[in-house]
Amino acid sequence: MDLIFATHNKNKLKELRNILDTDINIKGLNEIGYFTEIEETGATLKENAIIKAKQIFNKYNTPVIADDTGLETDALNGEPGVLSARYAGEDKNSTDNINKLLKELSKHNNRKARFKTVIAFITAESEHTFEGSIEGSIAVKPTGDKGFGYDPVFIPQNYNISFAEMDGKEKNKISHRAEAVTKLANFLSKEYKNK
Ligand code: IMP
C-alpha cells in the first residue's frame, strides 16, 4: 500500500521505514513536493498528530500518518511536552532547546523524563491513533552525535548512554516512536492483509 508520512524530518522517515513492513511504500512530504510547514496548534500530542494528518489527507486523499512527539520532565511539571519543538522559541534549534532544558533542570534534583509519541493514521474510511512512550532521565550534559532533537540528553531507563550514543537499530528496538509504529504496523497488517 502507499502511505504518506506527514513529516519533513528525514530522521523520522528513516526510523519509520526501518520499522515498518517493506511492502508499504512510504513517502515523506519533501518527496511529494509539499514544503509548507504544518502548524501545530493543538493542545495535546494527539490533537497535533491528527491536525497534521488531516491537513495532508484533505489535499492528497491518500492514507496518511503523522506523528507528534513530546519530551516530558517530572521536575518541570511535564514541560517541554507539547511545546518540545519550540521550547527555546519559534526560530530556535535543537541545541537551543537542549540548552534551555538543561538550564531549567539545573534548579532541580529530579531528572526523570519520558518521550511520548502519538501517531495518527487517517484514511477515507477511518481515523486511528497509536501511542508509544519510553521512560528515562535527562543527562547533565549532551553526549553522542547520532539521532536528532533531544537525543543527546535523553538516557533511557536501564541504560547508561544517551539515545545519541546508540546506533539507530538499538534506538529503534526501544524508542517511543518504535512502540507506536509497531502498534500501527500490527494494525496495518491485519487491516490491509489482502488489499
Ligand atoms: P515533533 O514531533 O517533530 O513535533 O517533535 C517535537 C520535538 O521533539 C522536536 O524538537 C524534535 O526534535 C523532538 N523529537 C521528536 N522525536 C524525537 C526523538 O526520537 N528523539 C529526540 N528528540 C525527538
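## Ground rules

For sorting residues by class, Ala, Val, Leu, Ile, Met, Phe, Trp, Tyr, Cys and Pro count as nonpolar, Asp, Glu, Lys and Arg as charged, and the others, Gly among them, as polar. This is a predicted model, where local features need pLDDT of at least 70 and side-chain atom pairs count only at pLDDT 80 or more, while totals for chains, interfaces and linings use all residues. Residues are numbered from 1 along each chain as its sequence is written, and side-chain values use heavy atoms, with hydrogens and water left out.

## The overall fold

The protein chain has five helices and seven strands (DSSP runs numbered from the N terminus: helices are H or I with at least four residues, strands are E with at least two). Along the sequence they come in the order β-α-β-α-β-β-α-β-β-β-α-α.

A compact globule of 195 residues would have a radius of gyration near 16 Å, and the protein chain, at 17 Å, agrees with that (the radius is taken over C-alpha atoms, and the globule rule is 2.2 Å times the number of residues to the power 0.38). Its C-alpha atoms fill a box of roughly 55 × 30 × 25 Å along the principal axes. Buried residues make up 44% of the 195 (buried is under 20% relative accessible area, exposed over 50%, partly exposed in between, with a 1.4 Å probe and protein chains only). Of the contacts with a separation of 6 or more, 55% are between residues 24 or more positions apart (contact means heavy atoms within 4.5 Å).

## The largest pocket

On to the pockets. A pocket here is an open set of points on a 1 Å grid over the protein atoms alone, where a 1.4 Å probe fits, with protein on both sides within 12 Å along at least five of seven lines; lining residues have an atom within 4 Å of a point. Grid points are joined across faces, edges and corners, and a volume is the space filled by probe spheres set on the points.

The largest pocket has a volume of about 1000 Å³. It is lined by 34 residues, and Asn9, Lys12, Glu40, Lys52 and Ala85 are the closest to its centre. Helix H1 (10-19), strand S3 (64-73), helix H3 (94-105) and helix H5 (176-191) each give two or more residues to this lining, with S3 supplying the largest share, five residues. By class, that lining has nine nonpolar, twelve polar and 13 charged residues.

Lysine 52 sits in helix H2 (residues 45-60) and is buried, at 7% relative accessible area. Leaving out residues up to four places away in sequence, lysine 52 touches Ala6, Ile38, Glu40, Ala66, Asp67 and Asp68.

## The second largest pocket

This one has a volume of about 290 Å³. Of its 15 lining residues, Lys14, Glu15, Asp167, Gly168 and Lys169 are the closest to the centre. H1 and helix H4 (168-174) each supply at least two residues of the lining, which by class has three nonpolar, five polar and seven charged residues.

## Two loop residues

Aspartate 151 lies in the loop between strand S6 (127-138) and strand S7 (154-156), and at 2% relative accessibility it counts as buried. Its side chain reaches the backbone nitrogen of phenylalanine 148 at 3.0 Å. Beyond four places away in sequence, aspartate 151 touches Phe115, Lys146, Ser162, Phe163, Ala164 and Lys171.

Glycine 89 is in the loop between strand S4 (80-81) and H3. Glycine 89 is partly exposed, with 23% relative accessible area.

Methods: A polar contact is a pair of N or O atoms within 3.5 Å; within protein, one must be able to donate a hydrogen and the other to accept it, and residues adjacent in sequence count only if both atoms are side-chain atoms.
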